[in-house]
Every structure is written in C-alpha cells, then in structure tokens.
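Colleague: I would like to go through this model with you and ask what stands behind each term you use. Please set the values against the cut-offs where there are any.

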Amino acid sequence: MHMIPVETDILQANQHWADDNREAFLRYGVYVVNLMSAPGAGKTTVLEKTIGRLKDDYRLGVIEGDLVTTIDADRIAALGVPSYQITTGTVCHLDARMVHNAIHEFKIKDLNLLFIENVGNLVCPAEFELGEDLKIMVYSTVDGAEKPKKYPLMFHEADAVILNKIDLLPYSGVSLEELIRNVREVNPWAPIFPVSCLTGEGLSDWIAWFRLEIAEGNTRMRRRASAA
Amino acid sequence: MSIAQSVLDIAFGEMEKRAAGRVQKIKITIGEFSGVVKEALEFAFDVLKPETPASGAEVEIEVAPLTADCAKCGPIECRLNDLNLICPICGSTLHISGGREMRVDYLDIE
C-alpha cells in the first residue's frame, strides 16, 4: 500500500465546464444571470416582472431548473421569451455541465441576456459556478430575519440580494431593518433591494441597478477583484 | 451526492493513471463554510462506494475551520454560527481566508 498525493479541488470538473460556458458567453456577447433562492421565495415572479421591463431592450432567453415539471418554463414562454427547462430529477442544484447542454437548445448567438433560474434550494446552488456574470439571490422577507445567519453561504455568494414580498411584512412580524442588517453582516458588499412583485414597490431600483450592471458588463470576477 | 461522486471520480482517475486495483483510504478536506455537511457526505459515500474499487475504502473527512482577516487589522476571530464579515475594530470588510475548501488531499492505494 502506498500514499499518493492528489491535492485536487473536488469541484474542478464543474469549474472546467463553467469556464467553457463563460468563454462561450463572452464569445457571443451574452450577459448571464444565475437566479437562486429557497423554494417559494418568488424567483419566477421576480423574473417575470424583470422580463416585463427589459424585453423590449434585450434579446432574452431563460433556462429553468427544477426537479420535475415544466411549469416555470411554460410561465416564461407565455411572455414570448425563449425558455428551456432542465429537469434535474433528484439533483438539488444546477451544475455547469447541465447548463452547457442546455445552451445548445438555444440559438445562443441570437441572445444578449440569459437568465438561469436555479433549483429552489437555500444551500447547494451556491457552491456550483455555472459560468455566470451575476449571482442574484431572491429571499422572501416573511421567511424571517434570522435566515442569513442560519444559511450564510448563498447570501454570502450573491452579487445582489432581492428581498421579496415586502407587502406581507405588516402581517409577518419580521423586521426588515434586522433582516437587512443580518444580510449585510454575511455579505457587506452586495446591494440589497426590498421589493414587492405584487405592488411593484422597489422594482424600479432593482431594474435600474441591473441595467447599469449589464451596460458596464461588470463581470462577477471583476467585481470581486475590486472589492478585495 | 454529486460531491461524493466527484471525489470518487477524482480517486478513480488517479488510480487509473497508476494502474491501481483498490483504494484503501481517501482523505479529503471540507471547509466549514461550504455547502456540504460532513454527515450527509459520509452517508453519500456509503451509498456510492459498494461495487466500486473504493468499496472497502475509509473516507477521512477533515473539516477546515472558518477563518477571516481584515486588510488593516489582521486575523479576526469569526464564528460560523454568528457570521459577521464587518471588522469589529475598523468596520471594513473581512476577507475569508479559510473554510471554503473542498479538496481531495491524498489516497492510499494498493
């Protein structure tokens, strides 16, 4: 018996696929957003509202990730936006290889903005790079102010945090101030957008920031490099 | 489960390079501040190992602690169960220096 040193990153295979994706997105000039949240936080609704305000200005596409069903892809298709559903079966997150396969389902060169809606899960999607420019986290404010402390990883990894369902705050007993403070402690650099998809409150701030990000082509790597 | 599978794929890749038949031990390091829970990973290995060249292998999982430092004030003690990346001394943003690892360290093969 003998010992062989390996010293290899467990996620290296995923990283290779993510690098390939990033290269393809750069080549075709597609800005890519990875949308993450727990189930039921309102990712698809935030996406619908965002698409509604952007679809005249960008050539959009959406990749939907879910364990089963095409309900979300159907909702996006109803907006007249090309969508493709990845059903992961039992896998609780999207990985870069799944996205690599999915982009062949699009005429990627016809797009300049691609949303990837990850599987609803508050932990695992945060570990898997997909080759995206931005990681956006959607969080339902009524789920409580303490979750950023209990599940810090996704909040930490996000380039922006959308705090959704603020219209329900008066009925929930959740302090928005405390929630924002907790997000800030695990992620001091990401902008935070409290929004209501029902009333439209706060959406304009999110959209204005997002348009600027796309316009500046601010990639995730460049952002982190300047934050460090 | 996909993390455990990735570990085994890396191990089998190394074994193939060296024409090794069996692996007896796989040593990995998982950061405390990663999306992986040690117990869940151990369970995943128990499910995946049978009927592979790693069926009898021990998997040792070392958990690397979360560490952080401030560019101005140096290392700052940080606890995962009350993570705060704002420096308590100067208020600037802390940089995470450990706890995000996911690494296969070495194999014992025969």
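Modeller: Let us start with a sheet in chain B, an open one of three strands in the order β4-β3-β5 with antiparallel pairing. Keep in mind that this is a predicted model.

Colleague: What makes β4 and β5 of chain B edge strands?

Modeller: Each of them, β4 (74–76) and β5 (95–98) of chain B, pairs on one side only. Neighbouring strands of this sheet are turned by 45° against each other on average, with direction ignored.

Colleague: How do you know that β3(B) and β4(B) pair?

Modeller: Pairing requires at least two bridges between two strands. Strand β3 (residues 67–70) of chain B is joined to β4(B) by three bridges, and the two run antiparallel. The count meets the cut-off, so the strands are called paired. As one example, B:Ala68 has B:Ile76 in β4(B) as its bridge partner.

Colleague: How many residues of each chain take part in the contact between A and B?

Modeller: Chain A supplies 26 residues and chain B supplies 29 residues. On the side of chain A that touches chain B, the elements giving two or more residues are β1 (2–9), α6 (152–157) and α8 (176–186) of chain A. β1(A) gives the most, with eight residues. By class, this side of chain A has 18 nonpolar, two polar and six charged residues.

Colleague: What makes β1(A) and β6(B) a strand pair across the two chains?

Modeller: Six bridges join β1(A) to strand β6 (residues 102–109) of chain B. The cut-off is at least two bridges, so these strands pair. They run antiparallel, and A:Pro5 has B:Tyr106 as its bridge partner in β6(B).

Colleague: Now the helices of chain B. Why is α1(B) called oblique to α2(B)?

Modeller: Helix α1 (residues 2–17) and helix α2 (residues 38–48) of chain B pack at an angle of about 60°, with their axes 8 Å apart. That angle makes α1(B) oblique to α2(B), because roughly parallel means under 35 degrees and roughly perpendicular starts at 65. The crossing of α1(B) past α2(B) is right-handed.

Colleague: Which residues meet there?

Modeller: In α1(B) they are B:Ile3, B:Ala4, B:Gln5 and B:Leu8, and in α2(B) they are B:Leu41, B:Ala44, B:Phe45 and B:Leu48. The contact has seven nonpolar, one polar and no charged residues.

Colleague: What makes the sheet of seven strands in chain A open at its edges?

Modeller: Its order is β4-β3-β5-β2-β6-β7-β8 (chain A), with parallel pairing. β4 (83–87) and β8 (192–194) of chain A each have a single partner strand, so one side of each is left without a neighbour in the sheet. Neighbouring strands are turned by 20° against each other on average, direction ignored. Within this sheet, β6 (residues 134–140) and β7 (residues 160–164) of chain A pair in the parallel sense over five bridges.

Colleague: How do you know whether A:Thr69 and B:Ala19 are buried or exposed?

Modeller: A:Thr69 has 11 inside 10 Å, so A:Thr69 counts as exposed. B:Ala19 has 7 and therefore counts as exposed. A:Thr69 is in the loop between β3 and α3 (71–77) of chain A, while B:Ala19 lies in the loop between α1 and β1 (23–31) of chain B.

Terms used:
Residues are numbered from 1 along each chain as its sequence is written. Chains are lettered from A and ligands numbered from 1 in the order in which they are written. This is a predicted model: local features need pLDDT of at least 70, side-chain atom pairs count only at pLDDT 80 or more; totals for chains, interfaces and linings use all residues. Two residues are in contact if their C-beta atoms, placed from the backbone, lie within 7 Å. Helices (H or I, at least four residues) and strands (E, at least two) are DSSP runs, numbered from the N terminus. Ala, Val, Leu, Ile, Met, Phe, Trp, Tyr, Cys and Pro count as nonpolar, Asp, Glu, Lys and Arg as charged, and the others, Gly among them, as polar. Axes are lines fitted to C-alpha atoms, for helices over the stretch in contact, and angles run from 0 to 180 degrees between N-to-C directions. Angles under 35 degrees count as roughly parallel, over 145 as roughly antiparallel, 65 to 115 as roughly perpendicular and the rest as oblique. A crossing is left-handed if the near helix is turned anticlockwise from the far one by less than a right angle, and right-handed if clockwise. A residue is buried if 20 or more other C-beta atoms lie within 10 Å of its own, exposed if 12 or fewer, and partly exposed in between; C-beta atoms are placed from the backbone.
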